[in-house]
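Here are a few friendly notes to keep beside you as you look at this structure for the first time. Please have the sequence and the model open together.

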Amino acid sequence: MYKKHFGLKDKPFNLIPDPDYLYLSAKHRTALSLLEYGLLETAAGLSVISGEVGSGKTTLIRKLMRRIDHGQLTVGLINNTSLFQNDLMSWVASTFGLQHEGMDKIQVFREFQKFLIAEYAQGKRTVLIVDEAQNLGGSALEELRMLTNINADRDQLLQIIIVGQPELLEVLQRQEYAQIAQRVSVEYHLGPLDLEEIHGYIRHRLQVAGASGDIFEDDAINAIYFFTGGVPRLVNTHCDYALVHGYATGKLIIDMDVIIEVMKGRKIGGINRFVKDEAQAEAVRESILVSKGVDLATVLST
């Protein structure tokens, strides 16, 4: 709707994970480098990437999958972990196209082990990626631990990447899961973007979408950072809404007043601070101008 109005070829703030739009902040670059290291290091068995909802974990995994040499690695991805709790092996087998129907867990495990050995004999290693892994129950985690035991001499036949929300870390810190936690060779927590990174993030996505210049003023981006806490998905939601608002009101540049006006109508969607009335909106406006987007909870508590 607003693409022609702002001179864009595409929607820059789509919520669907798209590796073309991945902004490699220092945090995301580090996470991607560690994941690639985990794949290249043949003795590495288990990598863990965690982060808050909307921090860009799935987009990062999709970027990784694009960069994988599929001539050397066979990759399987599981992203519907809420659908199973006690039958991980069948899902693993299905992901790699292996027969599993009518077979018990031990039979499926043996078939998968044969598959890994056959891939290794052809000079290929196998990678299993489990997204949304915070949903895994104890039985599934134990099956993952068993899979990390499959090796040949000094090499791991299977490398596992598990990705999930902070609850995943809480689970792995429990004593009953110490055995699988001890197998983790690569670990990184993906935190929210800081103010400087949010400026880079928004401008990067606009450029990829075809913008020829800046559409968001600096103070508008400062306000976005203030209201979203630097979480990429929230930034996308509210930048998109701001563009719709700008289009509806005939504006070609999104300023801070547009952002504050947009936020006054947002009561759901993860916003952690609200503009409740005109007096508070003015207080936020002035404070952002002075502080350039730092945490202004005290302003909103007045």
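This is a predicted model: local features need pLDDT of at least 70, side-chain atom pairs count only at pLDDT 80 or more; totals for chains, interfaces and linings use all residues.

1. The buried residues of α3 are covered by, among others, α2 (26–40), β1, β3, β6 and β7 (184–190).

2. Which residues of helix α3 are buried? In this helix, spanning residues 57–67, they are K57, T59, L60, I61 and L64. As background, residues three or four places apart on an α-helix point the same way, because there are 3.6 residues a turn.

3. The largest nonpolar core contains 33 residues, and V92, F112, L128, L144, L147 and I162 have the most contacts inside it. At least two residues of this core come from each of β1 (46–51), α4 (88–95), α5 (105–121), β3 (125–130), α6 (138–147), β6 (158–164) and α7 (166–172). The most is given by α5, with 5 residues.

4. Do look at L144 closely. Leaving aside residues up to four places away in sequence, L144 touches L88, L128, L136, I160, I162 and I180.

5. There is also a second, separate core, made of 32 residues; Y2, I198, I221 and I254 are among them. In soluble globular proteins, nonpolar side chains tend to be buried together.

6. Finally, a backbone detail. Where is E132 placed? It sits in the loop between β3 and α6. The phi of E132 is near 55 degrees, a positive value in a residue other than glycine. Most residues other than glycine have a negative phi. E132 is partly exposed, its relative accessible area being 25%.

Notes. Residues are numbered from 1 along each chain as its sequence is written. Side-chain values use heavy atoms; hydrogens and water are left out. A nonpolar core is a set of buried Ala, Val, Leu, Ile, Met, Phe, Trp, Tyr and Cys residues joined through side-chain atoms within 4.5 Å. Buried means under 20% relative accessible area, exposed over 50%, partly exposed in between (1.4 Å probe, protein chains only). Helices (H or I, at least four residues) and strands (E, at least two) are DSSP runs, numbered from the N terminus. Contact means heavy atoms within 4.5 Å.
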